Amino acid sequence: MKPRIAVVEDNPDNRLLVEAILDDEFEIIEFETGAEAVAGLEDARADLVLLDISLPEMDGPEVLAWLRGQPSIAATPVIALTAHAMAGDRERYLEAGFDDYVSKPIVDEDVLLSSIRRWLAKSS
Ligand SMILES: [Mg+2]
């Protein structure tokens, strides 16, 4: 069975790109907003979450804080995706409780894939 990855991303082009990169190796379940993610993540039983930082309704850090508070999914690895890469971001997001950080646009798909594989291996 393919590992299941939840992709929380409001931009349709980015969802398509991530889907194209991950499709062969993983089962993908998508959420378009933070509120949708909060409504569906417990049932999604994802092995890993890719979580956009800028989302409508609830942003990535808010979704992460919620997830860490749900015992059934609290230990799921969560990788931040952000378009506004700035110096110090990595430290800031890791401090906020994300397991890893990948900046958009995703120019090198191996960066994303290797992060996903590393975190799936750690959590299995
Ligand atoms: Mg966004």
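## Burial and the model

A residue counts as buried if 20 or more other C-beta atoms lie within 10 Å of its own, as exposed if 12 or fewer do, and as partly exposed in between, with C-beta atoms placed from the backbone. The structure is a predicted model, in which local features need pLDDT of at least 70 and side-chain atom pairs count only at pLDDT 80 or more, while totals for chains, interfaces and linings use all residues. Residues are numbered from 1 along each chain as its sequence is written.

Helices (H or I, at least four residues) and strands (E, at least two) are DSSP runs, numbered from the N terminus. Two residues are in contact if their C-beta atoms, placed from the backbone, lie within 7 Å.

## The loop between S3 and H3

Leucine 55 sits in the loop between S3 and H3. Because 23 other C-beta atoms lie within 10 Å, leucine 55 is buried. Leaving aside neighbours within four places in sequence, leucine 55 is in contact with Val8, Asp10, Thr33, Gly34 and Gly60. Leucine 55 and glutamate 30 are 25 residues apart in sequence and 13 Å apart in space, C-alpha to C-alpha.

Proline 56 belongs to the loop between S3 and H3, but counts as exposed because it has 12 or fewer neighbours by the cut-off, namely 11 C-beta neighbours inside 10 Å. Its contacts, leaving aside neighbours within four places in sequence, are Asp10 and Thr33. With 14 C-beta neighbours inside 10 Å, glutamate 57 is partly exposed.

## The nonpolar core

A nonpolar core is a set of buried Ala, Val, Leu, Ile, Met, Phe, Trp, Tyr and Cys residues joined through C-beta atoms within 7 Å. The largest one has 29 residues, of which Ile5, Ala6, Val8, Val49, Leu50, Leu51 and Ile79 touch the most other members. At least two residues of this core come from each of strand S1 (4–8), helix H1 (12–22), helix H2 (34–44), strand S3 (48–52), helix H3 (60–68), strand S4 (78–82) and helix H5 (109–123).

Not counting residues up to four places away in sequence, alanine 6 touches Ile29, Phe31, Leu41, Ala44, Ala46 and Val49.

Gly34, Ala37 and Leu41 are the buried residues named in H2. They lie on the same side of H2 because they cover an arc of only 30° around the axis, the arc being that of the directions from the helix axis to the C-beta atoms. An α-helix has 3.6 residues a turn, so residues three or four places apart point the same way. Ala39 and Asp43, on the other side of H2, are exposed. The buried residues of H2 pack against S1, strand S2 (27–31) and H3.

The axes of H2 and H3 come within 9 Å and cross at roughly 15°; axes are lines fitted to C-alpha atoms, for helices over the stretch in contact, and angles run from 0 to 180 degrees between N-to-C directions. H2 is therefore roughly parallel to H3, since angles under 35 degrees count as roughly parallel, over 145 as roughly antiparallel, 65 to 115 as roughly perpendicular and the rest as oblique. The contact is made by Gly34, Ala37, Val38 and Leu41 of H2 and by Glu62, Val63, Trp66 and Leu67 of H3.

## Backbone features in other loops

Arginine 45 lies in the loop between H2 and S3. It has a positive phi of about 50° although it is not a glycine. Arginine 45 counts as exposed, with 12 C-beta neighbours inside 10 Å. Further along, lysine 104 and proline 105 are joined by a cis peptide bond with omega of about 0°. Proline 105 is in the loop between strand S5 (100–103) and H5.

Proline 3 is in the segment before S1 and is partly exposed, with 16 other C-beta atoms within 10 Å. Not counting residues up to four places away in sequence, proline 3 touches Phe26, Asp47, Leu48 and Leu120.

Glutamate 91 is found in helix H4 (residues 89–95). With 10 C-beta neighbours inside 10 Å, glutamate 91 counts as exposed. Glutamate 91 and aspartate 108 are 17 residues apart in sequence and 21 Å apart in space, C-alpha to C-alpha.
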